[in-house]
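Visitor: I am new to this structure and would like a close look at a single part. Please take the place where the two chains meet, and then show me what stands behind it.

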Amino acid sequence: MPLSTFQKLRYARHLVLKEIGEKGQEVLLSSKVLVIGAGGLASSAIAHLASAGVGTIGIADGDIVELSNLQRQFLHTFAALHTNKAISAGEFVRARDRDINVHLHPLFVDEHNICDLISGYDFVLDCVDRFETKFLINDACVLMKKPYSHAGAVRFQGQAMTYVPDKGPCLRCLLQTAPNGATCQSVGVLGAAVGVLGSVQALETVKFLLNIGRLLTGRVFYFDGLSFETKVVPFSGRDPDCAVCGEHPRIKDLSENAKEYHAACENVQGDTKQ
Amino acid sequence: MVKVNGEPLDLAGMRLSDYLSSASYSLSFIAVEKNGTIVPRSQYDSCILADGDSVEIVSFVGGG
């Protein structure tokens, strides 16, 4: 649909970008994106996606807003304490732009609901806190041939990559199995650092939707805000032995692999080497 | 010399798995790329580093 006069003003700074322009803005407005997890990564990602005019934003999270979240999860306010995070994040989006369709999914994704959930969207963002859930999202996106943005962040550091079906490795090609590791709760995290990674995820989403630039597909972006060691490492090609996207995949049904997605998260790794 | 994360090290002839354990990497958190290609964890033992190899090791974190 052609842009209205209001939209031409609203998105004026996009319209002068040759990579976006009116056609690109129309694509963004007609796109559907699902953000899984409404915490630190999502605060930055959702804020940028909503501001940029991504027309339909789904938000899935079963958790509630806690006081300790507010130090970095700026989507949520004091008034939203103890309410569901997806609902709270949805209110943030609606306050920014009433024209954006917000689909609220106040639930935790699991091996039973995730495929139905992601099927209606063009692109998915993994903004969840635990490796086990990151692998659930990865496997679901591989099986459903759904492109998605992975990111993780703790302390002052994190990484991001973009999976596009048949175009590059998935998370499981790189790590094989979900490690039992550091969460924000166990080792701490600075909002400004996790925000960098969430912003990268929004950037990758816009690039994918508009088919512009070069995605972090087959490449991993690594960022350490303390040292400002920043690099993009090429991981070209899939692992032919990958359990989900390899030549003879072991994982064909999420229910059969459910144990990995529910692995205990208690033996928390305190430190990871760079 | 073998370049590891851009740093030249005298590792030619060494097993990748021996280097990773000597450098105290947590194997389940890292992805290893050698000369542009993924080295799966199952091949760390059989991967012998050679002169001129370039290795990148990226530590992944959860959290979000």
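Guide: The contact draws 41 residues from chain A and 21 residues from chain B. This is a predicted model. On the side of chain B that touches chain A, strand S3 (30-34), strand S4 (37-39) and strand S5 (54-59) of chain B each supply at least two residues. S5(B) gives the most to that side, with 3 residues. By type, the residues of the side of chain B that touches chain A divide into 8 nonpolar, 10 polar and 3 charged.

Now to chain A itself. Chain A has an open sheet of 8 strands, in the order S3-S2-S1-S4-S5-S6-S7-S8, and the pairing is mixed. Strand S3 (101-105) and strand S8 (229-234) of chain A stand at the edges with a single partner strand each, so one side of each has no neighbour in the sheet. On average, neighbouring strands of this sheet are turned by 15° against each other, direction ignored. Strands of a sheet pair through backbone hydrogen bonds, and the pairing is either parallel or antiparallel.

One pair can be followed in detail. Strand S5 (residues 148-154) of chain A and strand S6 (residues 157-163) of chain A run antiparallel and are joined by 7 bridges. A:Ala151 has A:Ala160 in S6(A) as its bridge partner. Helix H10 (residues 191-210) of chain A lies across S5 and S6, as well as strand S1 (32-36), strand S4 (123-126) and strand S7 (219-224) of chain A. The helix H10(A) runs at about 175° to S5(A).

Two other helices of chain A can be described in turn. Helix H7 (residues 131-143) of chain A has 13 residues and reaches 18 Å from its first C-alpha to its last, close to the 18 Å expected. Because 12 of the 13 residues of H7(A) are buried, this helix is largely enclosed by the rest of the structure. The buried residues of H7(A) include A:Phe131, A:Phe135, A:Leu136 and A:Ile137, and also A:Glu132, A:Lys134 and A:Asp139. Just after H7(A), A:Lys145 takes a positive phi of about 55°.

Helix H4 (residues 40-52) of chain A has 13 residues and reaches 19 Å from its first C-alpha to its last, close to the expected 18 Å. H4(A) is mostly covered, with 11 of its 13 residues buried. Among them are A:Gly40, A:Leu41, A:Ser43, A:Ser44, A:Ile46 and A:Leu49. Just after H4(A) comes A:Gly53, which takes a positive phi of about 85°.

Conventions:
Residues numbered from 1 in each chain as written. Chains lettered and ligands numbered in written order. Predicted model: local features only at pLDDT ≥ 70, side-chain atom pairs only at ≥ 80, totals over all residues. Helix = DSSP H or I, 4+ residues; strand = E, 2+ residues; numbered from the N terminus. Expected span 1.5 Å × (residues − 1). Buried ≥ 20, exposed ≤ 12 C-beta atoms within 10 Å, placed from the backbone. Pairing = 2+ DSSP bridges. Axes fitted to C-alpha atoms, helices over the stretch in contact; angles between N-to-C directions. Contact = placed C-beta atoms within 7 Å. Nonpolar A, V, L, I, M, F, W, Y, C, P; charged D, E, K, R; others polar.
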